[in-house]
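Dear colleague,

Here is the structure I said I would pass on. My notes on it follow below.

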Amino acid sequence: MVGASRVGRRELVGGAVAATVGTLAGCRRVRPGDVESSTAMAAVRHLAGVVGPRPGTTPAYFRAAEWVDAQLDRLGWQVERQRFAVPGGFSWVAPVDAGDSVNVIAHRGDLRPGVPWLAIGAHLDTVPRSPGAEDNASGIGVLLTVARAVTWRRTRLPVVLIAFGAEEPRGPTDDDHHYGSRAYVDRLTAGQRRSLRGMVSMDRVGVGDAVVIGSPEDGDPLRDQLVAAAERVGAPYVVESGQRSSDHWSFVRDGLPGVRLGSTPYAAYHDDSDVVSVVNRDQLERTARVVVSWIR
Ligand SMILES: [Zn+2]
């Protein structure tokens with residue numbers, strides 16, 4: 001039986017890779033019901049419970065990036081790494097070293113110049129003392145849940161998934177955080193910028209009973225899209241303005257459409273008590289269903 005399941009998996013991966021080179025058109029459209037929150041919980045358990053604290057330039061961070069890369073690859077996504085330099089500083093009162101960090105970027109081979117696309121991101125790093133179950137293994141967990149849900153499924157536009165490095169602050173100003181997403185935005189071509197229809201950052205999405213949908217300004221049309229998506233799946237939600245504290249801000253401050261999901265306050269924030277038990281599986285599932293409803 002072990003042998004049989006191994007062969008099955010190999011066939012599935014091969015098929016998923018084939019699907020990325022042109023047969024997706026024959027697949028049905030993804031549905032919110034395709035979401036399986038077990039994927040998200042497994043990610044939270046691995047990143048917070050096994051890897052632990054993972055500031056963006058540390059060996060632990062690179063182990064986490066390797067693991068996310070392998071998960072996406074196994075699901076048939078084409079994965080690339082994007083390295084960038086990060087300065088040293090103080091991250092939530094603990095010193096952190098300068099060094100390189102990396103974004104893990106995945107697509108399904110369906111990106112074409114001039115064709116509109118969507119980006120979904122979550123930061124993978126933590127502050128030095130925190131295992132980061134909620135901040136932000138929860139967001140990576142939902143990212144992988146969405147990745148799995150759309151394997152063999154069509155979406156309304158090509159989707160890019162990004163696990164961002166070095167989101168957490170290394171100093172007090174607006175230029176002292178979000179290093180991975182700023183490197184990603186900096187390296188977009190003019191054509192990619194023109195055709196990006198929206199970026200959603202999932203950051204702390206496993207606490208609370210309602211999905212927080214945040215944007216820097218009121219009346220954000222992308223935020224309205226996410227609100228409509230929440231209503232379609234019957235997910236309770238809260239709308240938040242003045243939200244600049246995650247990777248979506250790197251996009252918005254550069255003139256691109258970006259929204260954040262998540263940010264419900266919790267006692268273990270940036271603390272060594274941000275462990276697996278903090279995260280609520282139902283909230284992960286709710287968030288994943290909203291995202292799938294947005295991209296379907
Ligand atoms: Zn965070």
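**Burial and overall form**

Buried residues account for 50% of the 296 residues in the protein chain. Please keep in mind that this is a predicted model. Along the principal axes, the C-alpha atoms fill a box of roughly 50 × 50 × 40 Å. Of the contacts with a separation of 6 or more, 82% are between residues 24 or more positions apart.

The chain has nine helices and ten strands. Eight strands make up an open sheet with mixed pairing, in the order 1-4-6-5-7-10-8-9. Strand 1 (78–86) and strand 9 (237–241) are at the edges with a single partner strand each, so one side of each has no neighbour in the sheet. From one strand to the next, the twist averages 25°.

Within the sheet, strand 4 (residues 99–107) and strand 6 (residues 159–164) run antiparallel and are joined by three bridges. Ile105 stands opposite Ile162 in strand 6.

Helix 3 (residues 59–74) touches strand 1, strand 4 and strand 6, and its direction makes about 10° with that of strand 4. Helix 4 (residues 133–149) touches strand 4, strand 5 (117–123), strand 6 and strand 7 (196–202), and its direction makes about 145° with that of strand 5.

As for annotation, an unreviewed UniProt entry lists residues 115–294 as "domain: Peptidase M28". Over residues 115–294 the chain is 34% helix and 19% strand, with the end C-alpha atoms 18 Å apart.

Best regards

Notes. Residues are numbered from 1 along each chain as its sequence is written. This is a predicted model: local features need pLDDT of at least 70, side-chain atom pairs count only at pLDDT 80 or more; totals for chains, interfaces and linings use all residues. Helices (H or I, at least four residues) and strands (E, at least two) are DSSP runs, numbered from the N terminus. A residue is buried if 20 or more other C-beta atoms lie within 10 Å of its own, exposed if 12 or fewer, and partly exposed in between; C-beta atoms are placed from the backbone. Two residues are in contact if their C-beta atoms, placed from the backbone, lie within 7 Å. UniProt positions are given in the numbering used here, feature names are shortened, and annotations may be inferred rather than shown by experiment. Two strands pair if DSSP finds at least two bridges between them. Axes are lines fitted to C-alpha atoms, for helices over the stretch in contact, and angles run from 0 to 180 degrees between N-to-C directions.
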